[in-house]
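Please read it alongside the sequence and the model.

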Amino acid sequence: MKRNTQVSDIDRSRYDFRYAEDAADFLSSGITPEIIREISEEKGDPEWMRAFRLHALEIFQRTEMPGWGPPVDGLNMDRIVTYIRPKSRMNTDWNDVPENIKATFEKLGIPQAERESLAGVGAQYDSELVYHNVRKEVAESGVVYTDLESAMHDPKYADMIRTHFMKLVPPTDHKFAALHGAVWSGGSFVYVPAGVHLDIPLQSYFRLNAKGAGQFEHTLIIVEDNAYLHFIEGCSAPKYYEAGLHAGCVELYVGRHATLRYSTIENWSKNMYNLNTKRSVVAEGGRVEWVSGSFGSHVSYLYPMSILNGRGAHAEFTGITFAGEGQNLDTGAKIIHNAPETTSHMDTKSISKSGGISTFRSAVVVKENAVGSRSSVSCESLMLDDISRSDTVPAMDIRTDKCDVGHEAKIGRISDDAVFYLMSRGLDEQTARAMIVSGFADNVSKELPLEYAMEMNNLIRLEMTGNVG
Amino acid sequence: MDLLNIEHLTAGIEDRELLHGVSLTVGSGETHVLMGPNGAGKSTLGFAVMGSPEYTVTGGTIRFAGEDITRESPDKRAKRGMFLSFQNPVEIPGLSLSDFIRNALEQVTGQRMKLWDFKKQLKAAMDVLQMDAAYADRDLNAGFSGGEKKKAEILQLLMLKPKLAILDETDSGLDVDAVKTVSAGIAAYREGCGGSLLIITHNSKILDALHVDRTHIIADGRIVKEGGAELIAEINRSGFDAYTGKGAV
């Protein structure tokens, strides 16, 4: 599927909300058990889910704001509350979507129905045909790919959902995990039976079909023993929600000798607080491979975690983060070696430009029992000017000396020589810089399917120049 | 008609003037050689003519095909048909040699060549330079040996077909065989598109396969002597001492 991706910078000044009140109190006050019951009823939750939501709300209300990372006091909980209320009248009108977002869609050539979905106002993005075709092929292989609500109501999967939902990321994990547990809506459920090797990647892009589905969505993937799945989340078009908060959750269960590759391209509009939690648990000989491109948003907290629970399990994280003007992106990855001979590799790049702040936070934990484990972390940052900032915060917690852990960090700038070299071959300065930056991001783009890699390169080019070539 | 016309060019880095009024003219289809001792300003002239922001032009003019380009950006000069082969080509990780050339070609010609045609042309040019086809997909200059980098420069020359190529010490650091291969590449450029050459060199080996129209000797930021091909033989015999003041002692 060919898509254009031309996105102009979003005038963030329109969305700079600041409030004097203590953010934590303010956040906690807005959402009431009544609202949660309303949501639960609307969705026809089973009893256990209703209880779960209410319990998560209690946790949300008593949990402090995160004590690290960029400030989130600009979050407007009033809007969020209004937004998550079922049958909300808010933001259901295309006329309310800011002009600059509309202009972006215009440039992108996105069809109107799809624009409305991306802007969170429409539910009618008609990807059903494509989606059904994909689903048919997938179903023949015995794979289940559906939305989480349907799965929860299907007697075949209800138990599976109940035993896995928010078991990897419990609501007690942090305040926004608790919020997610209380108000989650939409998302994907994928089940790959043992031994099934799915050749085509599943793409959540085709599932942009419910209002607000991208905002508190829950992704639950179970890959049984010896199975293979590549799941792709997101697309490069900017996603806009007036409420300004994305608190999704991704839980991945990888069976013995199974492989799950989870690729993401996220491009949130620049008013968004992207407070997302992703976690996987990997059994003996299994592999999880994260490929992650983080673009957009005002503030991001994103640290996909891999728990290597079986002997010889392997985790790989390849990521890129691009922080432009007004953005503070706190990203990284966490790996827990919790069994012998487990291996992990992290390869991340971050780019900061026009005053953007990018922080790379990694954590490698090697438990006492994880003898013979190996881990390597490599992070590289590129600062495109003197007003941008890039930090690296690596943490290691090693409980055995019978392991091999390495860390490498580099911070650099684009050399004038490199720019002149490319310009002397006919490339204008912006293009030259964009090509150097795209090259820097090559670790991620070469891991993505071709069309996504192209989208990502376009996105980088756009962030660099304001245009797609 | 003059293709490149440099008049009274003064240029330098920050406050330090390195070129003190250089004048030099290269006609269409001609091959010129620029020689001079270390630090004479050879590379500075190449960079200044190509518009490197590292050097500030403080006086004089550079004309290309009659147009004043003294203040033009390097990419615009490239689009006019100028090319500089770097003495130390820059490594660009993540950008493949072939993607780079294809993009540059699109910029200078204004057309995107069909991938199939491009690959065929690239292969043919790489064959001239005895380059392993695998280099096309490697990151531009990254981890290339000195000789491979120089070949990659000449590959760009063959593909971009500029009207004027300034080759800055393309032969430096190359072994005898590599010099032969590179000079075969330069000859192929001359024959292929009849472009002009301004070859900055210490070494006459690279000139063996070429007919040289004119030789310029630069010393201490000034052109001190000009002549035909015979001047190269003289320099090979007696060196630059006669032009640097040392010979007078």
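1. Two strands are taken to pair if DSSP finds at least two bridges between them. Helices (H or I, at least four residues) and strands (E, at least two) are DSSP runs, numbered from the N terminus. On these terms, chain B holds an open sheet of six strands in the order E6-E9-E10-E3-E11-E12, with mixed pairing. Strand E6 (82-85) and strand E12 (222-227) of chain B are its edge strands, each pairing on one side only. Direction ignored, neighbouring strands of this sheet are turned by 20° against each other on average.

2. The model is a predicted one: local features need pLDDT of at least 70, side-chain atom pairs count only at pLDDT 80 or more, and totals for chains, interfaces and linings use all residues. Residues are numbered from 1 along each chain as its sequence is written, while chains are lettered from A and ligands numbered from 1 in the order in which they are written.

3. His216(B) stands opposite Glu226(B) in E12(B). H5(B) packs on the sheet and touches E6 and strand E9 (164-168) of chain B; contact requires C-beta atoms, placed from the backbone, to lie within 7 Å. The direction of H5(B) makes about 165° with that of E6(B).

4. In chain A, helix H2 (residues 33-43) and helix H3 (residues 47-62) pack at about 150°, with their axes 10 Å apart. Axes are lines fitted to C-alpha atoms, for helices over the stretch in contact, and angles run from 0 to 180 degrees between N-to-C directions. H2(A) and H3(A) are therefore roughly antiparallel (angles over 145 degrees). Pro33(A), Ile36(A) and Ser40(A) in H2(A) meet Met49(A), Arg50(A), Arg53(A), Leu54(A) and Leu57(A) in H3(A). By class, this contact has five nonpolar, one polar and two charged residues. Here Ala, Val, Leu, Ile, Met, Phe, Trp, Tyr, Cys and Pro count as nonpolar, Asp, Glu, Lys and Arg as charged, and the others, Gly among them, as polar.

5. Between the chains, 23 residues of chain B are in contact with 18 residues of chain A. Elements giving two or more residues to the chain B side are helix H2 (74-80), strand E7 (92-96), helix H3 (97-109) and helix H5 (146-160) of chain B. That side has 14 nonpolar, six polar and three charged residues.

Definitions and conventions: Angles under 35 degrees count as roughly parallel, over 145 as roughly antiparallel, 65 to 115 as roughly perpendicular and the rest as oblique. Two residues are in contact if their C-beta atoms, placed from the backbone, lie within 7 Å.
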